[in-house]
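This report describes the fold and selected local features of a single protein chain. Please examine the sequence and the model shown below before reading on.

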Amino acid sequence: MSPFDSFVKPLIGAAPATQGGGVAVATRIRYRLDVLGRPCPFPVVEAAVALGQLEPGDQLAVTFDCSDALVSLPAWAAAEGHRVVEIQADAGAWTIVLERA
């Protein structure tokens with residue numbers, strides 16, 4: 001167990017693969033990670049732990065208010081081969097959606 005395991009918020013997502021005519025159809029699942037109020041580097045650390053639990057192609061929407069993470073989170077994701085899907089700003093908080101490689 002990593003010392004960072006206790007920092008990971010529960011992941012919330014849509015239902016997994018659906019059945020279509022007897023054949024399982026894969027669907028991307030989008031999970032949320034809320035790290036509002038956490039100082040840097042915790043948004044990156046918690047996102048790394050959470051993404052490690054997801055399947056390739058799944059997405060993680062990370063919501064944070066640490067302005068440094070606006071640069072460090074996409075940089076970390078790119079260095080690890082993950083894709084930044086979307087960046088949203090909302091009154092002093094941001095949400096970055098990452099897709100696991």
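This is a predicted model: local features need pLDDT of at least 70, side-chain atom pairs count only at pLDDT 80 or more; totals for chains, interfaces and linings use all residues.

How many disulfides does the count come to? The count comes to one disulfide.

## The disulfide

The bond joins C40 to C66, with an S to S distance of 1.9 Å. A pair of cysteine sulfur atoms is taken as a disulfide when the two lie within 2.5 Å. The linked cysteines come from distant parts of the chain, 26 residues apart. C40 belongs to the loop between β3 (30–34) and α1 (42–52), whereas C66 belongs to the loop between β4 (59–64) and α2 (69–80).

The torsion about the S-S bond of C40 and C66 is about -120 degrees, and the disulfide is therefore left-handed. Are the two cysteines buried or exposed? C40 counts as partly exposed because its relative accessibility is 28%, a value between the limits of 20% and 50%. C66 has a relative accessibility of 12% and so counts as buried.

The peptide bond from C40 to P41 is cis, with omega near 15 degrees. Most peptide bonds are trans. P41 is placed in the loop between β3 and α1.

R38 also has its place in the loop between β3 and α1. With a relative accessible area of 23%, R38 is partly exposed. The C-alpha atoms of R38 and C66 are separated by 7.1 Å, although these residues are 28 positions apart along the chain. The side chain of R38 is joined to that of E46 by a polar contact of 2.9 Å.

## Overall fold

The secondary structure of the chain consists of two helices and six strands. Read from the N terminus, the elements follow the order β-β-β-α-β-α-β-β. Of the contacts in the chain with a separation of 6 or more, 61% are between residues 24 or more positions apart.

The chain has 101 residues, and buried residues make up 33% of them.

In what order do the four strands of the open sheet stand? The order is β3-β4-β6-β5, and the pairing is mixed. Because β3 and β5 each have a single partner strand, they stand at the edges, and one side of each is left without a neighbour in the sheet. Neighbouring strands of this sheet are turned against each other by 20 degrees on average, direction ignored.

Both helices touch strands of the sheet. α1 lies across β3, β4 and β6 and runs at about 160 degrees to β4. α2 packs on the sheet, where it touches β4, β5 and β6, and its direction makes about 5 degrees with that of β6.

## The hairpin of β5 and β6

Strand β5 (residues 83–90) and strand β6 (residues 93–99) run antiparallel and are joined by seven bridges. Within this pairing, Q88 has T95 in β6 as its bridge partner. Two residues lie between the strands of the hairpin.

A91 lies in the loop between β5 and β6. Most residues other than glycine have a negative phi. A91 counts as exposed because its relative accessibility is 81%.

H82 is found in the loop between α2 and β5. Its relative accessible area is 15%, so H82 is buried; the limit for this class is under 20%.

What does the side chain of H82 reach? It reaches the backbone nitrogen of A101 at 3.0 Å. Apart from its neighbours within four places in sequence, H82 is in contact with L51, W76, A77, E99, R100 and A101.

How values were computed:
Residues are numbered from 1 along each chain as its sequence is written. Side-chain values use heavy atoms; hydrogens and water are left out. Two strands pair if DSSP finds at least two bridges between them. Buried means under 20% relative accessible area, exposed over 50%, partly exposed in between (1.4 Å probe, protein chains only). Axes are lines fitted to C-alpha atoms, for helices over the stretch in contact, and angles run from 0 to 180 degrees between N-to-C directions. Contact means heavy atoms within 4.5 Å. A polar contact is a pair of N or O atoms within 3.5 Å; within protein, one must be able to donate a hydrogen and the other to accept it, and residues adjacent in sequence count only if both atoms are side-chain atoms.
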